[in-house]
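My notes follow in the order I made them.

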Amino acid sequence: MIRVLLADDEHLIRRAIATLLGLEPDIEVVAEVSRGDLVAQAVQENAPDVVVLDIEMPGMDGLSVAETLPGHAVLILTSFGRPGHLRRALAAGVRGFVPKDASAEELAAAIRRVHAGGRYLDPEMAASAMMAGESPLTERERDALSLASQGATVVQIAGSLHLTEGTVRNYLSNAITKLGATNRITAIRVAQEKGWL
């Protein structure tokens, strides 16, 4: 049996996925959690063979969770097939990336492949990621823009990143220019749509 842990904050979707996977003769859902910050403990307690994560969850997003699970077979199941998310997931060692509108058969096949040590990438998501290219933002530009997206002021961003206010303004200005935006809000929207934030 392939032991699976499901992490998704949408109860109805999580239960439906668990029920559908439970119909597979070789897959058993051994644990379900609704928050990203509960995954590590559930992994320790249940020793799953494959961890299936949603990206958007409270407590900790699925990509951040994946980065804390090196050596584990992780599959991302998401309705957010943004190119930056796929690239970040692959960089974190995620072995599978499946859209939520996939069939139960496709998800089960992806779980089997990931469990066997292979990879499964939805073809449309992979093509979109290749066409979008790499994020043009440096790590510091992304950090500054990410804090700005949470409503932080330049002074607060400077304090959080231990930078001067002038340096923060430069990072934000560079990000706006690189993203072809006219202001910070537009830059945040573009970066989020691409999955770069």
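Predicted model: local features only at pLDDT ≥ 70, side-chain atom pairs only at ≥ 80, totals over all residues.

Entry 1, the largest pocket. Which helix gives the largest share? I noted α4, with 5 residues. I then looked up the volume and read about 670 Å³ for the largest pocket. The lining has 24 residues, and those closest to the pocket centre are Arg88, Arg142, Gly195, Trp196 and Leu197. I sorted the lining by class and got 6 nonpolar, 9 polar and 9 charged residues.

How many cavities of 30 Å³ or more does the whole structure have? My search of the whole structure gave 1. I wrote down about 40 Å³ for the largest cavity. Its lining is made of Leu6, Ala7, Asp8, Arg14, Ile17, Val52, Leu53, Asp54 and Leu77. By class I have 6 nonpolar residues, no polar ones and 3 charged ones in that lining. I also checked which elements take part: β1 (2–7), α1 (11–22) and β3 each supply at least two of the lining residues.

Two packed helices are described by the angle between their axes and the distance between the axes. For α1 and α5 (residues 104–115) I noted an angle of about 75° and axes 10 Å apart. An angle from 65 to 115 degrees counts as roughly perpendicular, so α1 is roughly perpendicular to α5. From α1, the residues in contact are Ile17, Leu20 and Leu21, and they meet Ala104, Leu107, Ala108 and Ile111 of α5. I counted 7 nonpolar residues in this contact, with no polar and no charged ones. I had already written down Ile17 in the lining of the largest cavity.

I recorded the crossing as right-handed. On the α7 side I listed Arg140, Asp143, Ala144, Leu147 and Ala148, which meet Ile157, Ser160 and Leu161 of α8. The classes in this contact are 5 nonpolar, 1 polar and 2 charged.

What is the angle at which the axes of α7 and α9 (residues 165–178) cross? I read roughly 95°, with the axes coming within 9 Å. The two helices are therefore roughly perpendicular to each other. In this contact α7 uses Arg140, Glu141, Ala144, Leu145 and Ala148, while α9 uses Tyr171, Leu172, Asn174, Ala175 and Lys178. I sorted them into 6 nonpolar, 1 polar and 3 charged residues.

Most residues other than glycine have a negative phi. I noted two residues with a positive value. Ala47 has a phi near 45° and lies in the loop between α2 (39–46) and β3 (50–53). His162 has a phi near 60°. Where does His162 lie? I placed His162 in the loop between α8 and α9.

How values were computed:
Residues numbered from 1 in each chain as written. Heavy atoms only, no water. 1 Å grid on protein atoms, 1.4 Å probe; cavity = no way out; pocket = protein on both sides within 12 Å on 5 of 7 lines; lining within 4 Å. Points joined across faces, edges and corners; volume = space filled by probe spheres on them. Helix = DSSP H or I, 4+ residues; strand = E, 2+ residues; numbered from the N terminus. Nonpolar A, V, L, I, M, F, W, Y, C, P; charged D, E, K, R; others polar. Left-handed = near helix turned anticlockwise from the far one by under 90°. Contact = heavy atoms within 4.5 Å. Axes fitted to C-alpha atoms, helices over the stretch in contact; angles between N-to-C directions. Parallel < 35°, antiparallel > 145°, perpendicular 65-115°, else oblique.
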